[in-house]
Structure formats: C-alpha cells, structure tokens
Amino acid sequence: MKKIEAIIKPFKLDDIREALSEIGITGMTVTEVKGFGRQKGHTELYRGAEYVVDFLPKTKVELVVAEDKVEQCIDAIIQAAHTGKIGDGKIFVTDVQKIVRIRTGETDESAI
C-alpha cells in the first residue's frame, strides 16, 4: 500500500476529485495548506502599501491506495492538476505499513 500526497492549486481540487473517481478511487483527505516552492510568493498592494506574501494558499490531497493503483492515480492527478504554469504542485508517494479501520477493526487492504 502507498500513500499519495499531492500539493495542488486550490481551484484544481474538483478536477482531481473527478479524475480519481473515474478510476475507482472513492476516498481522500483534503487539507487547506500554505506554502511556497520556486514561486517564492509574490508582492501585493494593500491600501497603498506594498507587501510580500511568502506563503501561497495550496490544497493538500492525501489518499492511500493499493500498489497496483499508484501509477494510475499519479497520472490522473497530473492530468487534472496541470496548468503549465509555475506552482502546479508536487506529488509525494510513501509506503504505508499498516491500516486499521477503527469502526470494524479491519486491517490493511480490506481497510482501504
């Protein structure tokens, strides 16, 4: 099992949810986050004063999938999140050693 974390532009969330739903992914966790990479923030004007916004709003999507679904999920996220502009985001894939569904006690593959 693998955990996929994708940091994306917030307005791309619905596109990603639909793309993952089409390949059979039914569950995910979404968090509003702030951060920056190569974008390094930007400058804004507020009441005549210029200030730097270092941390930009992003959305973090997390899902745990079976190993045979990982590449399909990554491809779906890339296609749905891609704008071709800086700040499109990143995808991180890590190993998951154990899953337990609290309600039923199911573990691992049956708990996904």
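I will talk through the fold of this chain and then two of its residues, Glu62 and Asp108.

Please keep in mind that this is a predicted model, in which local features need pLDDT of at least 70 and side-chain atom pairs count only at pLDDT 80 or more, while totals for chains, interfaces and linings use all residues. Residues are numbered from 1 along each chain as its sequence is written, and side-chain values use heavy atoms, with hydrogens and water left out.

The chain has 2 helices and 6 strands, taken as DSSP runs numbered from the N terminus, with helices being H or I of at least four residues and strands E of at least two; along the sequence they follow the pattern β-α-β-β-β-β-α-β. Of the 112 residues, 32% are buried, where buried means under 20% relative accessible area, exposed over 50%, and partly exposed in between, with a 1.4 Å probe and protein chains only. Contact means heavy atoms within 4.5 Å, and among contacts between residues at least 6 apart in sequence, 70% join residues at least 24 apart.

Turning to Glu62, we find this residue in strand β5, residues 56-65, and buried, with a relative accessible area of 16%. Leaving aside residues up to four places away in sequence, Glu62 touches Lys3, Ile4, Glu5, Met28, Thr29 and Thr31.

Finally, Asp108 sits in the segment after β6 (89-95) and is partly exposed, at a relative accessible area of 25%. What is phi of Asp108 near? The angle is near 50°, a positive value in a residue other than glycine.
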